[in-house]
Each structure stands twice: as C-alpha cells, then as structure tokens.
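Notebook open, model loaded. I'm jotting things down as I look them up.

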Amino acid sequence: MELTLLGTGAPRGLPRPGCPCAACATTVGQDARGATAVLVDGTLLLDLTPGAAFAAARAGHSLGGVRQVLLSHPHDGPPVEVPAGLPQPGRVPDGRELALLTGHRVRAVAMDAPGTGYAVHGPDGQRLLYLPPGGAPAGLEQGNGEPYDMVLADVVGRPDALARLRAVGAVGPTTDVVAVHLDHDVPPGPELRRRLAAAGARAVPDGATLVVGVYEDVPDVPRRTLVLGGARSGKSVEAERRLEAFPDVLYVATGGSRSGDTEWASRVAAHRERRPGSWRTAETCDLVPLLKDDGAPLLIDCLSLWLTDAMDAVGAWDDAEWADGGERELRSRIRELTEAVRATRRTVVAVSNEVGSGIVPATASGRRYRDELGRLNTAFAAECEQVLLVAAGQALVLRG
C-alpha cells in the first residue's frame, strides 16, 4: 500500500489560527501542518479536510480515483465541503468490515473516546492502523494477530494508545509508527523529533508518500537513559514521558513512604496521579536484583535517594566510620549498581539530581553527599545510551 499524508496536523491545523502560543509562533515552513487526512493507493481517503484536493495536487496526486471516504472523528475545524466527484463521506460501525472493489478491506476499530479507528488490509497483505485524534483502541485482546506494518496515531496526545497496542503485540519492533494529528502541545522541530523518538515513533511533513511494509529507519528507543536536573526542573515528568508509550512499566520509588510526613505524602500523591494507571510501583532501594531480572521497563526515581540510603547504611555521616571502611563500602555498592546497569536487558530510565552547580554546602556531610552524588551520576551516565539534563522543563541531550 502507498499512503500520501495530505495533512498531519490536528483538526484545526498547525499553527492554530489566531493562537499566540510559542509553539504556533515557531511553526513555519515544513513544520506547518494541515488537518490530518490520508490517501491510500489513490482510492481510499481517510478523513476529509479543508483543502484536501489542493493538498493532493501539491503532492502530485488526484482525488479523482477515490472510491470511498471514511471519517474517523467529528471535525472541530472549519466546515468541510465535499469536492465535486468525491463520494459522500461515511463511517463504518465499530467491529464491522468493509470490502472495496480495489481489494482493500477496512475494519472499524472501537475507541475509548468519540471516533473510529480503521484497520486497513491491502491487496498484497500489508496492514495499516489509523487512529483518530484523542483516542486509543478499546477492548484489545492479547495475541490478537501479527503486528501492524504501520500505525498512524496521535502519539503526542495519547501515548497510552501505543502502550495498549504494544501490550497485545499489535505494535512490534518493526512497526513503523508515524505521528499524526499533531497539535501545539510540543514545540516543532528538534523537540518534537526527540519526544517521538523516545516513543519509537517519527513525524513526516505534509505531502509525504509512504509505502506500507517497506523497511524504514524506525527510531531506536534508548535502553538505558539517565535524566538529570535540579529541584522542580521537570526531570521526573521528562522521565515518565519517556515510558508512557510502553506497557507494564515498574516505577521504582527509592524514597519510601516516610510515615507522618504530610509534605512528602503530597509529593508522592502528585507523582502517582501523573502516572498511567497500568504502571506498577515498588518502594525499594534494592535496585540490583531488579536490574538483573528480565521484565518490563524500569523507571527509577531517584538515584539521589538511593545514595542517601546507601550512605546511611555505610555510616558515611560519621567521619570515623567513613574512614574505617565506610567509603570503601560505598564505592563497592556503586560499582555493583553500575555493573548491573551495564549487564541489564531491561529498558531503564533513571532520575537523579544535579547538585554540583549550586552553592557549596556549609557542612562537611553536605559536601560529602554532593561529591558522592556527582561520582554516582558520572558512573551511572557512563553506562547509559542517553543522558539528558533538564532545566526549566526543557531537556538538553548530553549523550545519545
């Protein structure tokens, strides 16, 4: 199957008309996007948008051969007139299948929000899944079939849709995931590409023609990532965002519950509310066994509290104990941790504080902690494919 993406933006397009936000202000040239519409083999049109005929002409195609127009969602953009010669748009009821004379089969996929997804089987067996904006498939069953060759989805708005598809094997390592319905949630250009790559997806410009089933350079999701940042920098949000498109994530909280500390309890509650409901939580500082086991991706938040626990255990706050084997024991624990990171087969995203750029602590114990955290971050980063520094909610890639 050959697809031409007549548009790849949200229903109102990108930039949004009259929107003063920074993302819209910087969306120019190739980053500007019309509302998403997809022309399949010149005969099937998924979603009818304003200017679709002109968009097709700019891409070197015509809508004259279209035999079926299917809508995935109620448009909240400008009113759309059906161009002369096009069949009236329709919608396939959930679960029903439509067979076209061209040899394409289209099955309607139920969604968890208003709208309809479409699974398209090409005449030669290629499989495409197209999802509407703001929706994720509902009622998926484990092992329901082979992975799709290509998925077009609202990756930025509903990353959990990818997680659901991955959980049942509908998206695999070779599935080409293309982000559509792109809105002003993410600044265009490098930041958009970085966020999509972390989910194993990519974006293409309006007018791009793609061939379903042909190998593409699917972004490799880094297996080990360290996210650094100062207090309230957004480092935890960045770390969580990197795994929200994957199922069965194990969130490893190293800070414990701190019974009686209401301020800490409110912090923990805020973190839990942000996380997808399918994620599991383990409160532990015993990271090495988790890294040695096979299993779901790990999100470790954070190494700073792991270090506090380790320094407590070796008596690092007492100069005599520190000199009499405490420092040596801490080095051994850090070495064991980093060796486990090097050998792990799991996907790991770890969070840690970057404290070396601030005021020098007034106490000897504070300076010792600052120094040891710097050493831990350096050793851990050496074992990661990607290292990020987050400041003011903006992620700077240091490695990868």
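Ground rules before going on. This is a predicted model, where local features need pLDDT of at least 70 and side-chain atom pairs count only at pLDDT 80 or more, while totals for chains, interfaces and linings use all residues. Residues are numbered from 1 along each chain as its sequence is written, and side-chain values use heavy atoms, with hydrogens and water left out.

**Arg-158, continued.** Buried or exposed? I get a relative accessible area of 16% for Arg-158, so it is buried. My cut-offs: buried is under 20% relative accessible area, exposed is over 50%, and partly exposed is in between, using a 1.4 Å probe and protein chains only. Arg-158 belongs to the loop between β9 (150–153) and α3 (159–167). Helices (H or I, at least four residues) and strands (E, at least two) are DSSP runs, numbered from the N terminus.

**Whole chain.** I counted 10 helices and 19 strands in the protein chain. The C-alpha trace spans about 85 × 45 × 40 Å along its principal axes. Of the 400 residues, 48% count as buried. Taking contacts with a separation of 6 or more, 68% come from residues 24 or more positions apart.

**The five-strand sheet.** I traced an open sheet of 5 strands with mixed pairing, in the order β4-β3-β2-β1-β12. Pairing here requires that DSSP finds at least two bridges between two strands. Which strands stand at the edges? They are β4 (68–70) and β12 (209–211); each has a single partner strand, so one side of each lacks a neighbour in the sheet. Neighbouring strands in this sheet are turned by 20 degrees against each other on average, direction ignored. For that angle, axes are lines fitted to C-alpha atoms (for helices, over the stretch in contact), and angles run from 0 to 180 degrees between N-to-C directions. Zooming in, β1 (residues 2–7) and β2 (residues 37–40) run antiparallel and are joined by 4 bridges. Leu-3 has Val-40 as its bridge partner in β2.

**Helix α8.** For α8 (residues 303–313) I listed the buried residues as Leu-303, Ser-304, Trp-306, Leu-307, Ala-310 and Met-311. Why are they on the same side of α8? Because they cover an arc of only 155 degrees around the axis; the arc is that of the directions from the helix axis to the C-beta atoms. The background: an α-helix has 3.6 residues a turn, so residues three or four places apart point the same way. The cover over these buried residues includes β13 (224–229), α7 (287–292), β16 (298–301), α9 (319–343), β17 (348–353) and α10 (364–381). After α8 comes Gly-315, with a positive phi near 70 degrees.

I noted a cis peptide bond joining Leu-14 and Pro-15, omega about 5 degrees. Pro-15 is in the loop between β1 and α1 (22–25). The bond from Asp-301 to Cys-302 is also cis, with omega near 10 degrees, and Cys-302 lies in the loop between β16 and α8.

Then the positive phi values. Asp-47 is not a glycine, yet its phi is about 75 degrees. Asp-47 is in the loop between β3 (44–46) and α2 (52–58) and is buried, at 0% relative accessible area. Ala-392 has a positive phi near 55 degrees but is exposed, at 71%.

**Around β18.** Ala-392 sits in the hairpin of β18 and β19, which has 2 residues between the strands. β18 (386–391) and β19 (394–399) pair antiparallel over 5 bridges, with Val-387 opposite Arg-399. β18 runs parallel to β13, joined by 5 bridges; there Thr-225 has Gln-386 as its bridge partner.

Terms used. Contact means heavy atoms within 4.5 Å.
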